[in-house]
Amino acid sequence: MYDFITGRIKGGGYAIKGAWLLLKYEPSIQVQFVLAILVTIAGFYFEITATEWILQLLAIGLVMATEGVNTAIENIADFVHADYHVKIGRIKDVAAGAVFFAAIIAFIIGLIIYLPYVFYTF
Ligand SMILES: Nc1ncnc2c1ncn2[C@@H]1O[C@H](COP(=O)(O)OP(=O)(O)OP(=O)(O)O)[C@@H](O)[C@H]1O
């Protein structure tokens, strides 16, 4: 039981370290993080509802998480095969495609939440 708890705490520590590495070194994650801050400011500005906050946070989490996994896949691909290979290209394209799905959904959620506020405010 003690090993289980210390193991979980260590695992959490590694995960926080990984999140910090993503924010510090990955431009794609940094861009998503800035966008997340901007929509959070917009959320406070327009005083969106609790349900809208939940959907917005889910969208932010979905995009940041898939972007992080995409970065990990790119790193693995470069580690196992640094030279050009058509299969590596396909693996990276597919991983980027997953981010695209998440980003499109997040964008649509953003439109659904903010268009009515913008429309009625201005
Ligand atoms: N070793 C490779 N072999 C074949 N094609 C590759 C290889 N590396 C990259 N590519 C192609 O170039 C694209 C971009 O790859 P890259 O690793 O530069 O990612 P990226 O889009 O610049 O990601 P990021 O901006 O997050 O670093 C891939 O989606 C793939 O089509």
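Modeller: Here we go through the annotated sites and then the surroundings of the ligand.
Biologist: What should I keep in mind while reading this?
Modeller: This is a predicted model, in which local features need pLDDT of at least 70, side-chain atom pairs count only at pLDDT 80 or more, and totals for chains, interfaces and linings use all residues. Residues are numbered from 1 along each chain as its sequence is written.
Biologist: Where does UniProt place the "binding site" feature?
Modeller: The unreviewed UniProt entry places it at E26 and E74; such positions are in the numbering used here, feature names are shortened, and annotations may be inferred rather than shown by experiment.
Biologist: Where is E74 found, and what is it in contact with?
Modeller: E74 is in helix 3 (residues 50-80), where helices are DSSP runs of H or I with at least four residues, numbered from the N terminus. Leaving aside neighbours within four places in sequence, E74 is in contact with K92 and A95, contact being C-beta atoms, placed from the backbone, within 7 Å.
Biologist: Switching to the ligand, which residues surround it?
Modeller: The ligand is surrounded by S28, T71, E74, Y84, H85, I88, G89, K92, D93 and A96, each counted if its C-beta atom, placed from the backbone, lies within 6 Å of the molecule.
Biologist: Which helix gives the most to that shell?
Modeller: Helix 4 does, with five residues, and helix 3 and helix 4 (86-121) each supply at least two.
Biologist: And where is the place of E26?
Modeller: E26 lies in the loop between helix 1 (2-25) and helix 2 (27-46).

Terms used:
Contact = placed C-beta atoms within 7 Å.
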